[in-house]
Amino acid sequence: MSITLFIIIFTGATSFIAFSNENVFNKLKFNPYMALNRKQWYRFFSYALLHADWGHLLVNMFVFFSFGSLVENLFEHYFPGKSLLYFSMLYIGGVCFSVLYSFGKHKNNHYYNAVGASGAVSAVLFSSIVMYPTNTIIFLFFPVPIPAFVFGILYLVYSAYMAKKAK
């Protein structure tokens, strides 16, 4: 099983459980105040396993699936034997790095929360664009090839919209 598929299954299962269990959701979401004042540093990572709703989960996992396997294969080509380590570092680094600004800005705000794997998905998406800039993506409902860099910009707009909507 590829690491991409494993992450999708694990994230989907965790989100599914958290959709129906508010205690699980509240313990895993990113809350910078709780991370700092209660030393719950795991929140820098666990929030990426949660999503606000099914649509949020499906969009993130679709984009991740679309580009994750490509990045895995490119890493294996360029870094034989170390691709799993490098891909894991990329994904986990994207998870942690993407909330550093929010942590600094909201560390004293116990009402601020964040969920979703958009930071990690963006790290994988833009890594694929850097490594394979001529890549395209095609949707069944829109059967025209979209250049990966255009899709990347659209994904950033979607992520910004979702972040603003959540506030």
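Here, contact means heavy atoms within 4.5 Å. This is a predicted model, so to speak of local features we need pLDDT of at least 70, side-chain atom pairs count only at pLDDT 80 or more, and totals for chains, interfaces and linings use all residues. Residues are numbered from 1 along each chain as its sequence is written, and side-chain values use heavy atoms, with hydrogens and water left out.

**View 1. Val124 and the residues it touches.** Skip the neighbours within four places in sequence, and Val124 is in contact with Phe64, Phe67, Gly68, Val71, Phe87, Leu90 and Tyr91. Val124 is also one of the buried residues of helix 8, where buried means under 20% relative accessible area, exposed over 50%, and partly exposed in between (1.4 Å probe, protein chains only). Helices (H or I, at least four residues) and strands (E, at least two) are DSSP runs, numbered from the N terminus.

View 2. In soluble globular proteins, nonpolar side chains tend to be buried together.

**View 3. Helix 8 from end to end.** Count 14 residues here, with 20 Å from the first C-alpha to the last, close to the 20 Å expected at 1.5 Å a residue. (The expected span is 1.5 Å times one less than the number of residues.) Helix 8 is mostly covered, with eleven of its 14 residues buried.

**View 4. The largest pocket.** On a 1 Å grid over the protein atoms alone, a pocket is an open set of points where a 1.4 Å probe fits, with protein on both sides within 12 Å along at least five of seven lines; lining residues have an atom within 4 Å of a point. Grid points are joined across faces, edges and corners, and a volume is the space filled by probe spheres set on the points. The largest pocket holds about 940 Å³ of space. It has 28 lining residues, and Tyr112, Ala114, Val115, Ser159 and Ala163 are the closest to its centre. Helix 9 gives the most to this lining, with eight residues.

**View 5. The second largest pocket.** This one has a volume of about 270 Å³. Its lining includes Ile3, Phe6, Phe45, Ser88 and Tyr91. Helix 1 brings the largest share, five residues. By class, the lining has ten nonpolar, two polar and no charged residues; Ala, Val, Leu, Ile, Met, Phe, Trp, Tyr, Cys and Pro count as nonpolar, Asp, Glu, Lys and Arg as charged, and the others, Gly among them, as polar.

View 6. Asn135 is in the loop between helix 8 and strand 1, and is buried, with a relative accessible area of 13%. Asn73, in helix 5, is exposed at 55%. Lys39 lies in the loop between helix 3 (32-37) and helix 4 (43-46), and is exposed too, at 57%. Look at the backbone there: phi of Lys39 is near 55°, a positive value in a residue other than glycine.
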